[in-house]
Amino acid sequence: MIAPPAARVSAAAAIYWAAGVVLGAVKLVTVVLTPDPWRLLAFGSDDVHYYVLTALHAAAGDGSTFDGLQPTNGYQPLWFLLLTGLFRVFGVDRGGAFVIVMVLLVALWAVALWLVWRISGGSVPALAALVVLLPHARWWGGCENALVAVLLLALVDLVLRRRLLRAVPDVGSVRVLGVLLALLALGRLDCAVLAGLVAVVGWWRWRSVRLVATVVLPTAVSLAAYAAVNVALLGTALPVSGVAKQLGTGTNWAAVGQFLLYGSLGPVPMCFGLTVLVLAAVAYRWASVDRRVLIVLLVLAQLIQVAWYVVTTPGWELQSWYFSTGTVALVLSAAVIGGRLSSVRSAPSVVVALAVLVLVVFAGKEAVQVLPRDPSSSPYTRDIDAGQWADRTLPPGSVLAMGDWAGSFAASTQHPVVQLEGLVGSPRYLEALSDGQGSAYLHSLGVRYYARLLHPGEPFSCRPAEPWFGNGPKLDLDLCGRPIVYRGDVRGAIDLVVWDLGP
C-alpha cells in the first residue's frame, strides 16, 4: 500500500498558516515601531487618510468632515462607521488611529485565512488560493476592500456549507445570507448588484417569493436608510465621491483595459481581469455545481460593476478596491484548480514553492515599505515633508487645498486641507465646480494656499487642470504670478509645488 504524500500536504498547511502569522506580525511590528510622521508609510495608500481623518473628526464630535470645514459622505459607510466607533472607544490621535486600522486589517486577514481554508477543502487548494490572494487583494491599504473581501468569503462559505443552492434551503441560513448581502452593500455600494444576482439565482433554484424577498429586503432597507440619512444631512442620496466621478460626459472605455491589465508585482504585470477570466474558465470545468454557480455569479458581478463604471465615470481611473468581487472569484477558482493539481505528481511541490516565493516577496516588501524616509523617495515622503513645512511655516489656521495625493498631505499637517477632486468634499463644492464658481467657493472656505503634486509626464503650469481625474468641469485656477512658497521633487522626476494664493 502506497502512503499518501503527507509531507507535502503538511508543508502546504505550514506555509499557508505561516503566511497569516508572518504577514500579520510584519504589519503590526512596522506600524507600531515606526514613529510619526512616517507611520502612514505602512499602508502605501493615499486614500486611507480620507477614512482616517474623517473618522477622527466624527469620533471627536465634529461631524462627518474630512477638512473640518465642510460636511462629506465620500466614503463607503460600513468601513467608515467601524473606524469611527473604534476611534471613539479608544480615544486615539492620528498615530494611534493608524495602529487601530492596522490591527483591524490583521484581524480581518486572520478571518480571511480561516474562511479560505474552510472554502478550499484542503491545504494545497488553500495554498493555491493564497497565491492569488496575496498579490491581488491590496489588503494592507487601509480602505474598505479587506472588509468587503471577508464578507464575500463569508457569503461563499455560507452558500457552500449550508447548501443554499438546494431546491429547499434552510430558511434561517437564507436570512443570514440576506444580512450578509446587506452588509456587503454597505461595505461597498456597488456590491448591491450581488443582491440582485443572488435573487435571480435563488428564484431559479427555490421558486419561492418568500425566500427571494428574505434575500433582497435587508439590502433594500439598508440602502434606503443610507439614502435617507444622506438626504437629511447633505441634501443628496448618493455619496459625494460617486457624484464627483460622474461629472463630465462620454463613456469610460479605458476602465475595461484597467480592469483587464490592473496590478503589478515590481516590474511584473499581474493582469488582474485577464487572470480572473482565465482562471474562472479553467476552474469551471472542474468545479462542483455549487462552486460553478458562485464563480459565475462573482465574475458576472465584477463585469457588471466594470460596465457601470464605463457608463457612469467618464475619464475616471479604476483602483484595486473596485475589484473585490473579482478577487474572491479568483480565490475560489484557484482553490478549485489547486484541488485538481493536488493529485498530479509534483504539482503540490510547485504550489508550495510558488507560495513560499510570493510570501517572501510580500513579507519583505511590507517590512521595508516604511524605511525610505528621504523626502524625495516617494509621493508619500514628499507629502510628509510638505506637511511638516506647513506646520513650521504657515500661520496657525491657514487653509490649504490639494487635488490628487491630498490624503497623505492632510495627514501630515495640522492645517485643514480641502480635497479638490471632490471625493471627500461637500455637494456644494461640486455644484460650485459645475457652475464655474469653484474658486469663489474655495475663497469662501478661506483657502490661502494651493498644493499640487505633478503627475508623471505632466508639465509644470501655472494654470493646472484641477480636478486631475475625469473630464468634468475644472477649477478656474490662475496661479501665474503667484509666489511659490514650497517646492520639492520626487525621485528627481516630478515636483510637489505650493503656491500662496494671497489674501
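**Close-ups of a predicted chain**

**View 1. How the chain packs together.** Residues 24 or more positions apart make up 72% of the contacts in the chain with a separation of 6 or more. This is a predicted model, and the chain in it has 19 helices and 7 strands. Along the principal axes, the C-alpha trace spans about 85 × 50 × 45 Å.

View 2. Of the 503 residues, 56% count as buried. The accessible surface comes to about 20,400 Å², and carbon and sulfur atoms hold 65% of that. As for charges, there are 34 positive and 28 negative ones, and their mean positions lie 16 Å apart.

**View 3. The disulfide between C462 and C480.** Here C462 is joined to C480, with an S to S distance of 1.9 Å. The count for the chain is 1 disulfide. Both cysteines sit in the loop between strand 5 (447-453) and strand 6 (484-490), 18 residues apart. The torsion about the S-S bond is about 55 degrees, so the disulfide is right-handed. C462 is partly exposed, at 23% relative accessible area, and C480 is partly exposed too, at 32%.

**View 4. Two cysteines without a disulfide.** C143 is in no disulfide, and its nearest cysteine sulfur, that of C191, is 14 Å away. C143 counts as buried, with 3% relative accessibility. C191 is likewise in no disulfide, and C191 counts as buried at 2%.

Note on methods: Residues are numbered from 1 along each chain as its sequence is written. This is a predicted model: local features need pLDDT of at least 70, side-chain atom pairs count only at pLDDT 80 or more; totals for chains, interfaces and linings use all residues. Side-chain values use heavy atoms; hydrogens and water are left out. Helices (H or I, at least four residues) and strands (E, at least two) are DSSP runs, numbered from the N terminus. Buried means under 20% relative accessible area, exposed over 50%, partly exposed in between (1.4 Å probe, protein chains only). Contact means heavy atoms within 4.5 Å. Accessible areas come from the Shrake-Rupley method with a 1.4 Å probe; for residues, only the protein chains shown count as cover. Lys and Arg count as positive and Asp and Glu as negative; His and the chain ends are not counted. The place of a charge is taken as NZ of Lys, CZ of Arg, CG of Asp or CD of Glu. A disulfide is a pair of cysteine sulfur atoms within 2.5 Å.
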